[in-house]
Amino acid sequence: MDAREMKIKAAAAALEHVEDGMRLGIGTGSTAEEFVRLLAERVAGGLKVQGVPTSERTARLCLELGVPLKSLDELPELDLTIDGADEIDPQFRLVKGGGGALLREKIVAAASTRMIVIADETKLVETLGAFPLPIEINTFGQASTRLAIERLASELGLSGSMKLRTRSDESLFMTDGGHLILDASFGRIPDADALASRLNQIPGVVEHGLFINLASLAIIAGPAGARVMEPKN
Ligand SMILES: O=C[C@H](O)[C@H](O)[C@H](O)COP(=O)(O)O
């Protein structure tokens, strides 16, 4: 089974948790897009859901495939969010934002009663940090914000480099909210909770890709198929 087939398996298993009438947060990324494709088939077959997309990219795909959409302001409370992840640790702390959608993804997940994360098994890690941590920052004062993050990292014993995300043509990557992304390669993050709460205190940090206490279930696909996992305490 190749990587795409595993994503489809995880997405299909997540679809079983979607019920008629649900208000659904819809994630971003290649795994979430497989979910959108399968969801669209069910919608064409009569399933009634109202989706809230976590990015313009996901919104475009949903509109193209006929998945009904609402804004989060129209539906401020959601039943379920299904989204991918870049890393998942045993407690279901996640790194997200590889596609740059972390801010809207976190707002949507926090507005949902439940979040199910879907991924292939390469995303499972013992300790977060192999994937660079996306940190969304305001364009204003970006150099000061960067220095504050560097000082925090060194205080927490983290070392490594940070890079402003660029597009393939070398122009700066801008998020849907008009912010920049710093990809922080800190290496292993032994205390993700501390890093998350300290990053939240830096004024120029709009959001970061550490998702803590948001996912309640993970559907992880491997060559043998998809399995449902619960977080370890
Ligand atoms: O900003 C993007 C998201 O957090 C994605 O859910 C994450 O990067 C995983 O994407 P993929 O399913 O493509 O690996």
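**A walk through the predicted model**

Asp 79 lies in strand β3, which spans residues 78-83; here helices (H or I, at least four residues) and strands (E, at least two) are DSSP runs, numbered from the N terminus. The structure is a predicted model, in which local features need pLDDT of at least 70 and side-chain atom pairs count only at pLDDT 80 or more, while totals for chains, interfaces and linings use all residues. Residues are numbered from 1 along each chain as its sequence is written.

Asp 79 is partly exposed, because 18 other C-beta atoms lie within 10 Å; a residue is buried if 20 or more other C-beta atoms lie within 10 Å of its own, exposed if 12 or fewer, and partly exposed in between, with C-beta atoms placed from the backbone. Leaving aside residues up to four places away in sequence, Asp 79 touches Met 22, Arg 23, Leu 24, Ser 112 and Thr 113, where two residues are in contact if their C-beta atoms, placed from the backbone, lie within 7 Å. With Met 22, which is 57 residues apart from Asp 79 along the chain, the C-alpha separation is 6.1 Å.

The axes of helix α1 (residues 3-15) and α2 come within 8 Å and cross at roughly 50°, axes being lines fitted to C-alpha atoms, for helices over the stretch in contact, and angles running from 0 to 180 degrees between N-to-C directions. That angle makes α1 oblique to α2, since angles under 35 degrees count as roughly parallel, over 145 as roughly antiparallel, 65 to 115 as roughly perpendicular and the rest as oblique. The crossing of α1 with α2 is right-handed, a term used if the near helix is turned clockwise from the far one by less than a right angle, and left-handed if anticlockwise. On the α1 side the contact involves Lys 7, Ile 8, Ala 10, Ala 11, Ala 12, Ala 14 and Leu 15, and on the α2 side Ser 30, Thr 31, Glu 34, Phe 35, Leu 38, Leu 39 and Arg 42. By class, this contact holds nine nonpolar, two polar and three charged residues, where Ala, Val, Leu, Ile, Met, Phe, Trp, Tyr, Cys and Pro count as nonpolar, Asp, Glu, Lys and Arg as charged, and the others, Gly among them, as polar.

Helix α2 (residues 30-44) also meets helix α3 (residues 56-65), their axes coming within 10 Å and crossing at roughly 20°, and α2 and α3 are therefore roughly parallel to each other. Their crossing is right-handed. Here Ala 32, Glu 33, Val 36, Arg 37 and Ala 40 of α2 face Thr 58, Leu 61, Cys 62 and Leu 65 of α3, a set that divides into six nonpolar, one polar and two charged residues.

Helix α4 (residues 102-110) is mostly covered, with seven of its nine residues buried. Those buried residues are Leu 102, Leu 103, Arg 104, Glu 105, Lys 106, Val 108 and Ala 109.

Four strands form an open sheet in the order β8-β9-β7-β10, with antiparallel pairing, two strands being counted as paired if DSSP finds at least two bridges between them. Strands β8 (161-164) and β10 (205-208) are the edge strands, each pairing on one side only, and the twist averages 25° from one strand to the next. Helix α5 (residues 142-155) packs on this sheet, touching β7 (133-137), β8, β9 and β10, and its direction makes about 25° with that of β9.

Within the sheet, β8 pairs with β9 (residues 180-185) in the antiparallel sense over four bridges, and β7 pairs with β9 likewise in the antiparallel sense over five bridges. Asp 183 in β9 stands opposite Lys 163 and also opposite Pro 134, while Ser 185 in β9 is the bridge partner of Ser 161.

Two loop residues close the account. Glu 170, in the loop between β8 and β9, has a phi near 75°, a positive value in a residue other than glycine, and Glu 170 is exposed, because 6 other C-beta atoms lie within 10 Å. Asn 213, in the loop between β11 (210-211) and β12 (217-222), has a phi near 60°, again a positive value in a residue other than glycine, and Asn 213 is partly exposed, because 13 other C-beta atoms lie within 10 Å.
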